Amino acid sequence: MAFVKGLMCRECGREYPAEALNVCDYCFGPLEVVYDYATISDVISRERISQGPLSIWRYQDLLPANGDDPVDIMAGYTPLIKARNLGKSLGLRNLYIKNDSVNPSFSFKDRVVSVAATKAVEFEFDTLACASTGNLACSVAAHAARAGIRAVVFIPWDLERGKVIGAAIYGPTMVSVEGTYDEVNRLCSEVADNYPWAFVNINMRPYYAEGSKTLGYEVAEQLGWRIPDHVVIPSASGAMFTKIWKGFNELACLGLLDGVDASSFGPDQNTVHHPAVTTKMHMAQAEGCAPIVTAWANGQPHVSPVRPNTIAKSLAIGNPADGIYAIRVLKESGGSAYAVPEADVVDGIKLLAETEGIFTETAGGVTVSALKNLADSGAIKPDELTVVYITGNGLKTQEAVEDVVNPLSIKPSMGAFEDVISQRIAVGGR
Amino acid sequence: MMGTQRVKFTFMTQLVKEPIIYQLGQNFNLVTNIRRADVREDMGWVVLELDGDETEIQRGLDWVSAIGVRVDPVSGDVIEG
């Protein structure tokens, strides 16, 4: 069962029942899940978690949907890899990669959608929907297939073919919208207001966003119930960034971290900060869509929307719903935010692939380039425990790195092969 | 047909002093109901509800956009990666 008391407005504190709602009727502020942590603390333990499934649902006590029969395509419990080669090239001796690109539909979105889909089934919706530039559409379509309900996904007309196929294969109703980014946004918002569907990131958003907390839980569990000194995280809406922080703090307050005493969650569960959580949260955005980084750099108390113009399309959210809350996390954690030059995005993809054998999408290129900047600037010291989150798979954005294809082309003879291979070795090629 | 829409307006410096919400109500016969706002010298945002004829709401939003106000859904972008 889910230990949920209800929903609460993050701005004015008004309370609502745990229904398919996302905005406060009074101030239009976002609604967040309120948990019954007193009961959770009675039942949860490291042992109970370790006996759970090898998916996000091992943390079902801390998720807002019923984990007894979840819509589960085995999202989560992805590898945490010691990155010796990448670490060596950056001068970091204690670097780990959380490789979330190996989720079932190849991105971290499976975590949030699994929670949203489970909640949608609980609420007896017959349709799961979203508007997406790629990863979310794939995950919604896949989870709807698993749940046996209809999927409707809205995509921009110019979406890359690989992403279109990656979603279409699961059999959703796919609506390709001819229009600008803003026009697609506005249409989908209107559709969500007028159709009784479970839009995962609209009326399901309070539940959906909580799925990202599992990225914090897993890293802590995989590190032996410790949390890192630094994490580097790509950001679009800012929701994942805030939820990883929330996940670390929940574990601390519940006394699940090594050597950390449990403590009260206080009056506002969403702003709780346990003093033992000293992880510095570093945010990565691409320069072509960096509204949160810009607000942080300018010391603004608000986030000014931008029109996205970046090759990192999975990070292209011009008006980030959780931007202001992400800035609070940056402040509280003593973290930083960096806008990666567009030209460096592909370099980041290549660096990760060539050092660790992990092919990430453009968002991962942004994150690795931001990590490099942090290492070069000395913001991360060589022995500090650092985790970089890789949230999507490179097979989805192959167009960005097409220039790597440069085979040695030969006639089918041993002599031709020996000619080219000796030349390659002579110039130091691999 | 009558309708309601919840939107967020973001104003840049040059528009902060303009009575845009007043004009929206007057010129398109809409009832404007501000729920939350933060207006400063250099920029401002307002979340509000618009009540009126659906066609007029659309025309009003087109006019607001045309004069340089950014119009978004109240809960941020609904498109995700």
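Helix axes here are lines fitted to C-alpha atoms over the stretch in contact, and angles between them run from 0 to 180 degrees between N-to-C directions. The model described is a predicted one.

**Helices 9 and 10 of chain A**

Helix 9 (residues 213–222) of chain A packs against helix 10 (residues 239–253) of chain A at an angle of about 50°, and their axes are 6 Å apart. Helix 9 of chain A is therefore oblique to helix 10 of chain A. The crossing of helix 9 of chain A and helix 10 of chain A is right-handed. From helix 9 of chain A, the residues that take part include A:Leu215, A:Tyr217 and A:Ala220. On the side of helix 10 of chain A, A:Met240, A:Ile244, A:Phe248 and A:Leu251 are among them. By class, the contact of helix 9 of chain A with helix 10 of chain A has seven nonpolar, three polar and four charged residues.

**Domains of chain A**

The domain assignment divides chain A into domain 1 (4–70 + 109–208) and domain 2 (80–106 + 212–403). Taken over C-alpha atoms, the centres of domain 1 of chain A and domain 2 of chain A are separated by 21 Å. Domain 1 of chain A gives 29 residues to the contact, and domain 2 of chain A gives 31 residues. On the domain 1 side, strand 3, helix 1 (37–43), helix 2 (46–50), helix 4 (109–122), helix 5 (135–147) and helix 6 (161–168) of chain A each supply at least two residues.

**A sheet in chain A**

Three strands of chain A form an open sheet in the order 2-1-3, with antiparallel pairing. Strand 2 (15–16) and strand 3 (31–35) of chain A each have a single partner strand, so one side of each is left without a neighbour in the sheet. Strand 1 (residues 4–9) of chain A pairs with strand 2 of chain A over two bridges. In this pairing A:Leu7 stands opposite A:Tyr16.

**Contact between chains A and B**

Chain B places 19 residues in contact with 38 residues of chain A. The elements of chain B that give two or more residues to this side are strand 1 (2–12), strand 2 (31–39), strand 3 (43–53), strand 4 (70–73) and strand 5 (79–80). Strand 5 of chain B also pairs with strand 6 (residues 127–132) of chain A, in the parallel sense and over two bridges. There A:Ala131 stands opposite B:Ile79.

The residue classes on two of the contact sides are set out below.

Notes
Residues are numbered from 1 along each chain as its sequence is written. Chains are lettered from A and ligands numbered from 1 in the order in which they are written. This is a predicted model: local features need pLDDT of at least 70, side-chain atom pairs count only at pLDDT 80 or more; totals for chains, interfaces and linings use all residues. Two residues are in contact if their C-beta atoms, placed from the backbone, lie within 7 Å. Helices (H or I, at least four residues) and strands (E, at least two) are DSSP runs, numbered from the N terminus. Two strands pair if DSSP finds at least two bridges between them. Angles under 35 degrees count as roughly parallel, over 145 as roughly antiparallel, 65 to 115 as roughly perpendicular and the rest as oblique. A crossing is left-handed if the near helix is turned anticlockwise from the far one by less than a right angle, and right-handed if clockwise. Ala, Val, Leu, Ile, Met, Phe, Trp, Tyr, Cys and Pro count as nonpolar, Asp, Glu, Lys and Arg as charged, and the others, Gly among them, as polar. Domain bounds come from an automatic or database domain assignment.
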